[in-house]
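Here is a short note to read alongside the model. Please keep the structure open while going through the points.

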Amino acid sequence: MTSFMAACLVSIKKTKDLPPDQLQKALRKTFSAEKKKSKIRKALDGTKVIYNVASWGATAVGVYNNRALHTVATTTF
């Protein structure tokens, strides 16, 4: 990955004249994990949580209502 990034930076004319600290700053900003999530991304993450909780709840109800599965599940745990 590092070799690829170095090759890309060398091929760009604007980056040839930049000092190393400015290059590091630009790369750090580009690859930072501190990017803010958009409202749509936050909503999507929230719906994933709701979906997972609902599906686990439906599975638990299904296991509880089926006597054979309930017996197997309680024996297993």
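1. Overall order. Reading from the N terminus, the elements of the chain go α-α-α-α-α. The tally is 5 helices and 0 strands. Helices (H or I, at least four residues) and strands (E, at least two) are DSSP runs, numbered from the N terminus.

2. Ground rules. This is a predicted model, in which local features need pLDDT of at least 70, side-chain atom pairs count only at pLDDT 80 or more, and totals for chains, interfaces and linings use all residues. Residues are numbered from 1 along each chain as its sequence is written, and side-chain values use heavy atoms, with hydrogens and water left out.

3. Overall dimensions. The chain has a radius of gyration of 26 Å, whereas a compact globule of 77 residues would have one near 11 Å. That radius is taken over C-alpha atoms, and the globule rule is 2.2 Å times the number of residues to the power 0.38. Along the principal axes, the C-alpha atoms fill a box of roughly 75 × 30 × 20 Å.

4. Burial. Of the 77 residues, 4% count as buried. Buried means under 20% relative accessible area, exposed over 50%, and partly exposed in between (1.4 Å probe, protein chains only).

5. Two residues to look at. Leu18 sits in the loop between helix H2 (13–16) and helix H3 (20–31). Leu18 is partly exposed, at 34% relative accessible area. From Leu18 to Ile40 is 22 residues in sequence and 36 Å in space, C-alpha to C-alpha. Ile50 belongs to helix H4. Ile50 counts as exposed because its relative accessibility is 60%. Ile50 and Ser3 are 47 residues apart in sequence; their C-alpha atoms are 42 Å apart.

6. H4 against H5. How do the axes of these helices cross? Helix H4 (residues 39–65) and helix H5 (residues 67–76) have axes that come within 5 Å and cross at roughly 105 degrees. H4 and H5 are therefore roughly perpendicular (65 to 115 degrees; under 35 is roughly parallel, over 145 roughly antiparallel, the rest oblique). Val63, Tyr64 and Asn65 of H4 make the contact with Arg67, Leu69, His70 and Ala73 of H5. Contact means heavy atoms within 4.5 Å. The contact residues split into 4 nonpolar, 2 polar and 1 charged.

7. H5 itself. H5 is hardly covered: the buried count among its 10 residues is 0. Asn66 caps the N-terminal end of H5, with a side-chain oxygen 3.3 Å from the backbone nitrogen of Ala68.

Technical notes. Axes are lines fitted to C-alpha atoms, for helices over the stretch in contact, and angles run from 0 to 180 degrees between N-to-C directions. Ala, Val, Leu, Ile, Met, Phe, Trp, Tyr, Cys and Pro count as nonpolar, Asp, Glu, Lys and Arg as charged, and the others, Gly among them, as polar. A polar contact is a pair of N or O atoms within 3.5 Å; within protein, one must be able to donate a hydrogen and the other to accept it, and residues adjacent in sequence count only if both atoms are side-chain atoms.
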